[in-house]
2 protein chains.
Amino acid sequence: MENDLKKIGNQTIKLNSNPKIISTYSIVGPKEGQGPLGEYFHEVISDDTLGKDSFEKAESEMMYTAIKGAINNANIKEEDIDYLFAGDLLNQITSSGYAARDLNIPFFGLYGACSTMSESLSMAALFIDGSFAKYVVASTSSHFSSAERQFRFPLEYGSQRAPTAQWTVTGSGAMVLSKEGDFPMVTYITTGIVKDYGEKDANNMGAAMAPAAVDTLYNHFKDTGRTPDYYDIIATGDLGKIGKKMTLEMLKEYGYDLSKNYVDCGDIIFDNETQNTCSGGSGCGCSAVVMCGYFYKRLMKKEIKKLLLISTGALMSPTSTLQGESIPGIAHAVAIEYE
Amino acid sequence: MENDLKKIGNQTIKLNSNPKIISTYSIVGPKEGQGPLGEYFHEVISDDTLGKDSFEKAESEMMYTAIKGAINNANIKEEDIDYLFAGDLLNQITSSGYAARDLNIPFFGLYGACSTMSESLSMAALFIDGSFAKYVVASTSSHFSSAERQFRFPLEYGSQRAPTAQWTVTGSGAMVLSKEGDFPMVTYITTGIVKDYGEKDANNMGAAMAPAAVDTLYNHFKDTGRTPDYYDIIATGDLGKIGKKMTLEMLKEYGYDLSKNYVDCGDIIFDNETQNTCSGGSGCGCSAVVMCGYFYKRLMKKEIKKLLLISTGALMSPTSTLQGESIPGIAHAVAIEYE
């Protein structure tokens with residue numbers, strides 16, 4: 001029993017059954033729809049309230065839509081889904097809790113800040129690999145207006161944004177995983193350790209999360225024996241321009257050159273020059289919609305065959321920041337391959 | 001590959017390898033130490049700030065202490081632990097995030113409100129069963145003063161408490177799970193579906209969570225074919241006096257009589273008459289410390305041989321309550337047996 005341990009190295013699990021991502025769905029707000037990846041999303045909403053009376057309710061409705069959309073795209077029914085793994089940025093992950101309320105699916109709530117897409121995808125893949133389930137959904141969401149109100153200031157204040165600030169993506173992504181079929185497969189999961197290098201500026205999340213991304217990437221390469229050039233694309237979640245630059249430089253010091261195939265979802269989802277998004281996109285929804293929309297559609301066309309997704313999260317709260325705490329970061333990597 | 005599915009029925013997984021809870025640690029505040037279960041906890045603190053300058057930092061320190069204590073009680077080292085599953089009630093689960101920052105262990109953050117102990121225990125057991133890890137830690141915490149400030153009013157206001165209100169437990173519990181040794185085993189996991197019967201009173205969480213507890217218990221019995229009398233003890237997390245009464249009555253309508261072996265952790269942790277705790281204890285830490293302290297020590301002595309733990313969570317936030325939303329509940333059941 002002991003010899004079949006699937007963990008290799010310090011932080012990585014090798015998935016023997018190669019769970020497959022059999023469908024996805026991505027729903028985004030108008031601004032994301034106007035961005036460079038707009039055509040890749042399954043649905044672009046024109047009203048970011050979705051007719052609800054609060055942004056929080058709109059965010060929850062987006063997640064519900066993404067989950068139902070992914071189930072529909074898999075040509076299965078809600079009752080076929082064994083488990084739902086979901087999380088979001090709102091206090092007590094209410095977007096997920098209220099979305100789950102309208103679904104008759106056993107629910108595990110997660111919180112990994114903006115790392116939640118790769119956290120939920122990790123869990124879903126492991127549940128398939130462990131034969132705990134036949135179909136599992138992984139989902140996450142964020143909303144610019146609910147995040148601004150909760151983490152920064154209500155929009156009505158009209159506060160000026162720092163140049164290092166990022167723009168929370170309005171969007172939700174969902175995936176269905178299973179063992180069967182010819183689809184992109186999850187092959188390795190490298191789980192992050194919390195890293196804190198003392199960054200205290202809540203307007204510079206990229207800098208706070210970069211050390212976690214670097215640590216997870218470094219350990220992924222060490223544990224698997226792979227080098228960066230194995231992948232067609234290595235994509236961090238939402239480090240933005242500044243965090244991306246730091247990550248590239250730090251990994252170079254460790255001897256890993258990512259300059260050829262490294263992108264950051266937050267850096268590519270908006271045209272930062274014309275869309276006024278400062279250092280780039282952020283939020284749980286950022287890597288979720290880029291993965292479920294842009295990357296998944298390109299994987300299915302085999303334009304990408306080997307992808308390493310590393311969603312990145314900053315584990316602070318407004319309370320911890322007010323209490324003088326620095327910002328711990330975490331990053332989870334998931335290798336997705338389709339030959 | 002498909003025939004080895006470990007899921008039985010709608011919501012339950014049968015664990016073939018019977019993961020073992022090889023050690024626990026429980027740390028509680030002074031009030032919990034003075035309660036009826038005081039002698040069963042591993043550590044009772046005399047100062048609930050633990051010398052920290054905020055209750056939030058004290059809560060995080062409690063969780064760190066519980067995790068280190070459980071690792072120590074297992075006679076292993078921090079570097080032996082493959083994964084940490086933890087969550088708590090604070091916004092962005094900062095108690096867990098900051099505790100994890102000081103540990104060099106891959107970390108999965110969870111949020112299930114007060115159901116988080118059985119959620120983290122479920123995950124830990126499944127990671128062992130799936131051969132994803134050799135040693136996994138599950139933990140959760142809550143703190144009366146950080147919870148009051150966040151969910152109700154700062155203590156300084158001196159607000160009056162409703163008779164249906166519950167008293168958030170100050171405490172943290174942690175467990176180490178592995179495959180080896182002669183210890184209490186996790187045999188079945190029944191994962192909850194979110195239930196919302198329209199309760200809107202945030203001072204009556206027991207009523208909001210009872211339907212979820214009933215649903216999970218009902219499905220556990222249906223999925224496993226067991227009846228309530230199979231267990232020596234069936235323990236809900238923190239329904240308190242009112243929610244416990246509702247649960248007993250509703251299950252009776254479904255044909256299940258729990259009157260002989262049913263307790264609620266929130267109901268037994270305090271002497272509600274003399275300790276002024278209204279409807280009983282609550283919080284993530286409630287079922288955590290009762291499980292890691294009282295139940296685990298009695299399991300090890302074989303005074304209890306078959307235990308069903310169902311931690312119960314209310315998935316609202318102060319924001320959702322202000323926006324007029326009702327309170328969804330969730331409950332996760334874990335069967336623990338030791339012959």
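How much area is buried between chain B and chain A, and what percentage of that area do carbon and sulfur atoms give? I found about 5,600 Å² buried between the two chains, with carbon and sulfur atoms giving 59% of this area; buried area is the accessible area (1.4 Å probe) that two parts lose on being put together, summed over both.

Before going on, I noted that this is a predicted model, in which local features need pLDDT of at least 70 and side-chain atom pairs count only at pLDDT 80 or more, while totals for chains, interfaces and linings use all residues. I also noted that residues are numbered from 1 along each chain as its sequence is written, that chains are lettered from A and ligands numbered from 1 in the order in which they are written, and that side-chain values use heavy atoms, with hydrogens and water left out.

I checked the confidence next: chain A has a mean pLDDT (the predictor's confidence in each residue, from 0 to 100) of 95, and 99% of its residues reach 70 or more. For the complex, the predictor gives an ipTM of 0.97 and a pTM of 0.97.

Back at the interface, I counted 71 residues from chain B and 71 residues from chain A in the contact (heavy atoms within 4.5 Å). Because 100% of the interface residues of chain B are also interface residues in chain A, the copies meet through the same surface.

For charged pairs, I found 6 salt bridges across the interface (a side-chain nitrogen of Lys or Arg within 4 Å of a carboxyl oxygen of Asp or Glu). A:Lys7 forms a salt bridge with B:Asp82, and their closest N and O atoms are 2.8 Å apart.
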